[in-house]
Structures are given as C-alpha cells and as structure tokens.
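Dear colleague,

Please find below the structure that I am handing over to you, with its sequence. My notes on what was found in it follow directly after.

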Amino acid sequence: MNKHQQPTVGHLIRDWRQLRRLSQLDLALEAEISQKHLSFIESGRSAPSRDMVLHLAENLGVPLRERNALLLAAGYAPVYLERSLEDPGLQAARSAIDLLLKGHEPYPALAVDRHWTLLAANAAVAPLLATVTEAELLRPPVNVLRLSLHPGGLAPAILNLAEWRGHLIARLRQQIRATADPLLAELLTELLSYPTPATPARRGKASEESEPPVVVPLQLRFGDSVLSLISATTVFGTPVDVTLSELALETFFPADQATAEALRAMAGAG
C-alpha cells in the first residue's frame, strides 16, 4: 500500500487484531464468524457491513473514536458523537462530574481526557500546586502527567518520585497499548526524557520482610507536612459518546489520619 494511501477497513481491523495479539482464528471464534470470512475482510476481498464493522470493533475492544475511523474507512458514517462537555446534550453528565468533584472535597479530585488534559478540578487541587515553579505548566491546556513529573512541576515536592513516576509511566504504557494513540506515545517519550530520580535503597532486614503496599501512594511535601494520598480512577459506564468514553475522574484519598486532618484544615483555611 502506498504510504500516502488511506488504510482500508480491512487493514485497520488487522492492525487492531495484531495489537490485541489475536490470531485470525482467535478473533473469528470470539466474533462467532468463520476464519475465512474474517480473512476476506482483512484482505479486502469482502466488504464488511456496518454492523459487522461494529461487531468486530466491539470484540477487539476498539475505543469509540477509533470505531468511527473504522466506519469511515468502510464507507459508513460515524455513529458515536463527540461533543464538548459544555454541550447541552451532555448537561446531565457534566452535572454528575461537578457533583462528584465537589462531593469529594476536602480531598483532591480532577477530571482528565484521553491525553491527560485537565478538564475540571475541585477546590482541594489548587493549594497542592503552590510548589510549581514553571508557570507554563499551569497554562491551559494543562497536562496532568507533565505537571506531575516535570522538574518545574510537582516532581521536586514528591518524596517518592521514583515510585510514583514508575506508576504513572506504567499506566501510560498500558493506555498506549489499549488505544495505539500516537499523541500518548509522544507524551511518553517526553516524560521519559525528564531526569530520572534515584530509587531509594531498601534498608535492613525489617524493610525486606515488611509487606509491600497494597497501592502506590503519592507522598507530597506540603509546607511542614507530608501528605500521603492514594488514588482511584472512575469512568463512565457504557458510554456512547466519544468525549465521555475518554473521560476519567482521578480522585485522591488520605492514606493516613494526619493527611486527612491536614486536608480538612486546608479546606477550612480556604
């Protein structure tokens, strides 16, 4: 295929199948079609119906945005809308997001899109950004991963930076494997170019015998205090809108009583 030629739907389906590390037989069995039929679709010898494109995309776990691309390549109109969160059609979803963010106070919570761009945050987030020295990182659009790991961002205040960086990089790699998004791949390359923090050496037998943490905490220096936070991610169930399918709420909870008290005091002072 000419490098300037648009990929066919068959090529795109094959690429997604290979990305998922499935053989033609694996996907055919999963989709309950014959391997011969799938082979004909991938080679272009058979033109799939609109329903077949969506059926294969569902079985391959293709994100909604890329399902629209598959439909366009097959000659069909996209079926999944992509609207701004300010669109009247998403008012109920936007209200739910605002309610969740506000209801999580005095603990930090924020909403991000597929590229980790900050869409919304509650009042508990802003005070934690006081140590950011690179003003450009706070100018919209704000990328949460860049803000977290950049030397001029939160990185100097993160006491377990090596561990937290590894956690974020692993999540980003997993997201790239799931979506094949080139912009996320570029973001990963950028993040990996930042100075690598030293990994603290494990000390003593007691440390070696202690149980590993259940989750990776974010340990953040805040004034004279150390905030220890654990995170949870919330997504919309069964979305049929591209924007909602790519939106995630990142909520942080205190990992200890001292952190809980510090965050409540911070909210009271605010």
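**The pocket and its lining**

Helix H8 is the element that gives the most to the lining of the largest pocket, contributing five residues. Please bear in mind throughout that this is a predicted model. The pocket itself has a volume of about 690 Å³. It is lined by 27 residues, and those closest to its centre are Gln175, Thr179, Val235, Ser245 and Glu246.

Several elements of secondary structure share in this lining. At least two residues each come from helix H5 (64–73), helix H8 (161–179), strand E4 (225–235), helix H11 (242–245) and strand E5 (248–254). Sorted by class, the lining residues of the largest pocket comprise 13 nonpolar, six polar and eight charged.

**The sheet and the helices on it**

Strands E4 and E5 also belong to an open sheet of five strands, whose order is E2-E1-E5-E4-E3 and whose pairing is antiparallel. In general, strands of a sheet pair through backbone hydrogen bonds. At the edges of this sheet are strand E2 (118–121) and strand E3 (218–222), each of which pairs on one side only. On average, neighbouring strands are turned by 30° against each other, direction ignored.

The pairing of E3 with E4 is antiparallel and runs over five bridges. Within this pair, Phe222 has Ser225 of E4 as its bridge partner. Helix H8 packs on the sheet, where it touches E3, E4 and E5, and its direction makes about 10° with that of E4. Helix H12 (residues 257–269) likewise lies across E3, E4 and E5, but runs at about 85° to E4.

**The contact of H4 with H5**

The axes of H4 and H5 come within 10 Å and cross at roughly 145°, and the crossing is right-handed. On the H4 side, the contact is made by Arg50, Val53, Leu54, Ala57 and Glu58, and on the H5 side by Arg67, Leu70 and Leu71. Of the residues in this contact, five are nonpolar and three are charged, with no polar residue among them.

Yours sincerely

Definitions and conventions: Residues are numbered from 1 along each chain as its sequence is written. This is a predicted model: local features need pLDDT of at least 70, side-chain atom pairs count only at pLDDT 80 or more; totals for chains, interfaces and linings use all residues. Side-chain values use heavy atoms; hydrogens and water are left out. On a 1 Å grid over the protein atoms alone, a cavity is a set of points where a 1.4 Å probe fits but cannot get out, and a pocket is an open set with protein on both sides within 12 Å along at least five of seven lines; lining residues have an atom within 4 Å of a point. Grid points are joined across faces, edges and corners, and a volume is the space filled by probe spheres set on the points. Helices (H or I, at least four residues) and strands (E, at least two) are DSSP runs, numbered from the N terminus. Ala, Val, Leu, Ile, Met, Phe, Trp, Tyr, Cys and Pro count as nonpolar, Asp, Glu, Lys and Arg as charged, and the others, Gly among them, as polar. Axes are lines fitted to C-alpha atoms, for helices over the stretch in contact, and angles run from 0 to 180 degrees between N-to-C directions. A crossing is left-handed if the near helix is turned anticlockwise from the far one by less than a right angle, and right-handed if clockwise. Contact means heavy atoms within 4.5 Å. Two strands pair if DSSP finds at least two bridges between them.
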